[in-house]
Amino acid sequence: MNIYAVGTSHKHAPLTIRERIVFGDEELPAALQDLRRGGMASEAAIVSTCNRTEIYVVPNAEPFHADAVREWLGRWKKVDLQQGHLFSLHAGSAARHLFEVASGVDSQVIGDIQVIGQVRTAYQCARQNGSLGKVLDRLFSTALHTGKRVKSETELFAGAVSISYVAVELAKKIFHPIAGKRTLVIGAGDTGDLAARNLHGQGVTNITITNRTESRGRELIGRLGFGSWMPLETLPARLHEFDIVIVSTGAPNYLITYDHARAAAARRDGEPQLIVDISMPRNVDPRIDTIPMIFCKDLNDLNSVVESNVERRRAELPRAELIIADELAKFSAWCSLLPVTPVIAGLKRWGEEIARAELEKNRNRFGAADFEKIEKLVASVVKKIIGMPMGHLLDAQTDAERVLMKAEYVKMLFNLNGTAGDDEAPPMNSSTNNEPDRTE
Amino acid sequence: MLALARICEAILPLAYSSAFAIYALAFFRKEEGAARWRRPALVVALLIHTALIYAQTMYHGHCLVYTPFEMLTLISFTITLTYLIVELASGERGTGMFFVGLALLLQTISIMFSPAVEDQSANPVLLNDAVGLHISAALIGYTAFAISAVYGGLYLMLYHQIKSNRFGTFYQRLPSLQLLERMSEKSSIVGVAFLAVAIAIGLIYLPGVLPNFHYYDPKLIVTIAVWAIYASALLAKYVIKLEGRKVVILSLVGFFGTIISMTLINFVLSGFHRFQ
């Protein structure tokens with residue numbers, strides 16, 4: 001498995017370094033071409049996100065040293081990169097690393113769901129630019145498959161781990177469907193902006209903004225591109241109209257008092273109401289949570305959700321690692337068969353050529369219908385004859401060294417020297433057929 | 001038929017236990033194998049249950065309604081079937097463990113207390129169409145109440161988890177509060193409608209069919225009382241806009257009231273509602 005991974009992430013370099021070597025979408029095609037054109041790599045792919053820049057290559061020739069990639073990166077980015085800022089991995093370690101990245105195991109926030117999409121983007125970009133060969137193609141597709149397995153078989157991606165997403169998750173746990181719910185965002189700052197965007201992303205379209213300063217509120221509506229304005233003075237009288245209320249202001253007092261909430265609850269006909277207070281100091285009287293059917297959560301409550309979700313994700317790491325090990329073993333098995341693919345192709349061609357020659361010699365001895373039957377019969381016999389040595393070569397239980405030895409024997413036995421050259425990947429059996437679902 | 005009934009009776013609790021264990025595993029640990037096998041396991045249990053009901057019905061020539069414990073097996077069957085339909089239609093699997101658990105419980109009680117198949121004697125009253133309709137309507141009504149109770153229980157559990165900031169496995173796995181409330185409410189509506197039919201048939205036709213019919217039969221009184229509780233809970237929801245949580249509590253009171261009073265009536269009192 002001749003794969004090298006060189007790069008950096010939040011674990012290796014500070015933001016000041018990471019931001020200087022990040023690759024933009026428009027820059028990637030040229031960079032990938034340069035990696036290959038320079039003769040360094042026969043295959044290349046770059047994963048570049050806000051937290052990591054990683055270059056995966058299959059070298060063109062041996063001997064190869066990962067420093068070559070580091071030097072190329074420094075040259076390309078015009079940055080003097082120190083050894084300590086980059087990691088370099090080879091073979092199984094490189095593959096495992098990419099599987100961990102695609103599974104969210106290596107993310108700054110464990111189980112970062114975005115990482116699957118980022119690895120997929122890197123894969124697609126490299127594919128479109130023709131910089132993938134069979135090895136990296138297989139490596140990335142297996143990595144995506146691994147990420148998908150980790151997502152579906154473990155809890156690594158479960159539960160929100162940011163305050164604004166926790167608020168959305170909480171709303172989804174109370175309301176069904178969330179899309180039609182009337183939402184009020186109190187405060188026109190960044191947090192209110194983010195909360196409104198997250199809710200809108202979940203299909204909530206009925207969003208009202210209120211703020212002490214009207215101009216700032218209207219400014220937020222303009223920035224968001226959705227939402228309607230409500231004067232803050234009308235809040236007590238109109239509180240009952242909203243299912244979800246997000247409060248995020250710098251006010252030093254309670255904007256929603258216990259009496260406001262009680263009066264609103266009485267007018268809501270028993271319908272639940274979620275009030276999320278992400279202000280500091282609090283803008284919502286915490287006693288409101290004692291009113292039936294009103295769920296009032298402050299920063300403390302939301303933080304406890306975040307903590308419990310992070311803890312739950314951490315507890316899932318061993319299960320994710322098992323999946324990664326399983327996929328790595330399959331990938332390694334596939335890689336060990338790579339050297340024998342030309343032999344297999346040669347063997348097939350050898351059998352087919354003999355059959356074709358013999359059939360041509362005897363074509364005139366049979367009628368068209370009979371000849372067609374004989375053609376099929378001969379093809380079937382040839383397939384069975386070459387099937388036996390092929391089966392031995394593709395035995396997944398055999399170690400790489402023995403596979404190569406067997407391949408040499410087959411080449412000698414069938415005089416295949418010089419006939420090989422088909423650049424096809426090893427056949428995939430059911431256990432290694434792990435093409436990812438690209439519709440995700 | 002007797003042999004088939006005996007075999008099914010023996011393996012059915014095992015089948016339900018396996019399905020319950022697999023659903024529980026999928027609920028608590030999100031095991032891939034469990035997630036893949038839970039529905040097939042439930043279908044197997046349902047098929048065995050179908051075979052049991054078929055064998056017993058064929059053996060006796062009529063439906064299983066000798067004792068409340070035999071009725072329980074039918075209720076258990078309809079709960080499982082209803083849940084499977086809901087699961088297939090909505091894709092919602094977070095509540096499966098609770099329904100399969102309830103079905104397992106009811107089926108176990110049924111097998112423990114029902115007389116042996118060959119010891120049961122047929123009652124010609126059961127062959128009457130009006131009685132058949134009455135029993136079927138009551139069966140569907142009580143099943144709907146049982147389903148409503150499961151959804152209601154889960155609603156209260158999730159409500160208290162959110163209120164008390166306990167965001168554990170139940171919080172993660174259960175569907176939303178409003179969905180649970182709606183499912184509970186819809187099941188109650190079905191229950192009230194079918195029990196109303198059962199009561200109406202009982203009051204109109206049964207006096208002519210059953211020679212010892214009387215209006216003071218404890219089971220009849222309890223059934224009407226249960227129906228009244230559910231009907232008033234629904235009425236309160238729609239007319240005086242009683243909050244969902246209180247409607248759920250009222251429904252649960254109705255359900256547990258049914259279980260307790262029916263058990264007491266069947267062990268302590270007697271009436272025309274015994275078909276043995």
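## Aromatic cluster in chain B

One aromatic cluster is formed by B:Y23, B:Y83, B:F99 and B:Y151. Aromatic pairing is assigned to rings of Phe, Tyr and Trp (its six-membered ring) with centres within 6.5 Å, where planes under 30 degrees apart are stacked, over 60 edge-to-face and the rest tilted.

## Basis of the model

This is a predicted model, in which local features need pLDDT of at least 70 and side-chain atom pairs count only at pLDDT 80 or more, whereas totals for chains, interfaces and linings use all residues. Residues are numbered from 1 along each chain as its sequence is written, chains are lettered from A and ligands numbered from 1 in the order in which they are written, and side-chain values use heavy atoms, with hydrogens and water left out.

## Aromatic pairs

Over all chains, the structure holds 22 aromatic pairs. One of them joins A:F295 and B:Y159 edge-to-face, at 5.3 Å centre to centre with 70° between the planes. This pair crosses between chains, from strand β10 (residues 294-298) of chain A, which holds A:F295, to helix α5 (residues 129-163) of chain B, which holds B:Y159. Helices (H or I, at least four residues) and strands (E, at least two) are DSSP runs numbered from the N terminus. Both A:F295 and B:Y159 are buried, a term for under 20% relative accessible area, with exposed over 50% and partly exposed in between (1.4 Å probe, protein chains only).

The ring centres of B:F99 and B:Y151 lie 5.0 Å apart and their planes meet at 65°, so this pair is edge-to-face. Because B:F99 belongs to helix α4 (residues 96-113) of chain B and B:Y151 to helix α5 of chain B, the pair ties together parts 52 residues apart in sequence. B:F99 and B:Y151 are both buried.

## Interface of chains A and B

In chain A, 34 residues are in contact with 27 residues of chain B, contact being heavy atoms within 4.5 Å. The area buried between the two chains is about 2,500 Å², and carbon and sulfur atoms give 46% of it; buried area is the accessible area (1.4 Å probe) that two parts lose on being put together, summed over both. On the chain A side, A:K173, A:H176 and A:M293 lose the most area to chain B, together 26% of what that side buries.

## Charged groups

The rule finds 2 salt bridges across the interface of chain A and chain B, each requiring a side-chain nitrogen of Lys or Arg within 4 Å of a carboxyl oxygen of Asp or Glu. A:D289 and B:K163 meet through their side chains in a salt bridge (3.6 Å, N to O).

The charged end of B:K163 also sits over the ring of A:F295, 5.4 Å from its centre. The criterion places NZ of Lys or CZ of Arg within 6 Å of the ring centre and within 35 degrees of the ring normal.
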